[in-house]
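This report looks at charged side-chain pairs and at the parts of the chain that they connect.

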Amino acid sequence: MKPERPRIVVSNWVHEDVLGRLGAIGEVDANRTRTPWPREELTKRAALADALLAFMTDHVDVDFLAACPRVKVIAGALKGFDNFDVEACTAAGVWVTIVPDLLTNPTAELAVALALGLGRKLREADAVVRSGTFKGWRPILYATGLDQSVVGIVGLGAVGCAIATRLSGFGCRILGVDPSVEAPPGVMRCDLPAALAASDYLILAVPLSADTFHMISRDALKRMKPGALL
């Protein structure tokens with residue numbers, strides 16, 4: 001008699017090749033829409049599941065685990081695990097996995113894109129063009145760029161270092177704030193007050209924690225250069 005195939009619940013849309021791989025090892029119940037299942041729906045579907053492929057919209061706590069006693073593995077398709085009660089999972093004998101490097105490069109690219117957009121006033125310029133009032137060049141929307149600017153990066157973990165790597169080709173001076181690690185090549189290490197005072201652009205690349213909550217306070221903002229971009 002063949003052993004029962006594990007039941008796998010996939011809470012959000014994924015590519016068909018992912019479903020194919022999962023289907024080769026178990027019975028898959030997948031959300032094929034682009035809308036996350038409500039908690040009640042997810043709980044109902046996971047009640048008899050052995051494994052859950054979870055995403056940022058899903059929250060796993062004591063109540064969820066109690067309603068889904070067969071679940072033994074929660075595979076997080078995400079970089080962090082703020083939405084999972086890991087202690088409760090451990091107590092229930094449930095494995096939790098994440099993908100630590102899943103979004104490092106996309107996040108770094110987005111951070112640089114946002115810095116460029118702020119400095120070059122892309123949103124404002126786009127609004128002018130779309131308004132129908134653009135009549136050609138006028139002495140407005142003067143902006144700044146990364147070239148010859150000072151960019152402070154708070155947090156030199158994987159994302160912070162990836163941001164620094166991408167900024168290295170823009171001709172800017174890069175400051176790094178992180179007392180726990182050595183600064184990578186091309187980054188000058190300093191403390192937060194020095195970075196606040198010197199930076200034309202300040203990029204935060206730290207996780208939310210008790211130590212980083214309200215790191216950029218009213219006092220910190222007062223220490224920044226007039227016109228600096230955060």
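A salt bridge here is a side-chain nitrogen of Lys or Arg within 4 Å of a carboxyl oxygen of Asp or Glu. In this predicted model, Lys-225 and Asp-200 form such a pair, with a distance of 3.0 Å from N to O. Lys-225 is partly exposed at 31% relative accessibility, and Asp-200 is partly exposed at 25%.

The structure holds 13 salt bridges.

| Pair | N to O distance |
|---|---|
| Arg-5 and Glu-27 | 2.7 Å |
| Arg-32 and Glu-16 | 2.8 Å |
| Lys-225 and Asp-200 | 3.0 Å |

Arg-5 pairs with Glu-27. Arg-5 sits in the segment before β1 (7-10) and Glu-27 in strand β2 (residues 27-30), so this contact ties together parts 22 residues apart in sequence. Both ends are partly exposed: Arg-5 has 34% relative accessibility and Glu-27 has 44%.

Arg-32 pairs with Glu-16. The loop between β2 and α2 (39-46) carries Arg-32, while Glu-16 belongs to helix α1 (residues 16-23), so parts 16 residues apart in sequence are tied together. Arg-32 and Glu-16 are both exposed.

Some salt bridges share partners: Glu-4, Arg-7, Asp-50 and Arg-70 are joined into one network in this way.

Key
Residues numbered from 1 in each chain as written. Predicted model: local features only at pLDDT ≥ 70, side-chain atom pairs only at ≥ 80, totals over all residues. Heavy atoms only, no water. Helix = DSSP H or I, 4+ residues; strand = E, 2+ residues; numbered from the N terminus. Buried < 20%, exposed > 50% of the residue type's maximum accessible area, 1.4 Å probe, protein only.
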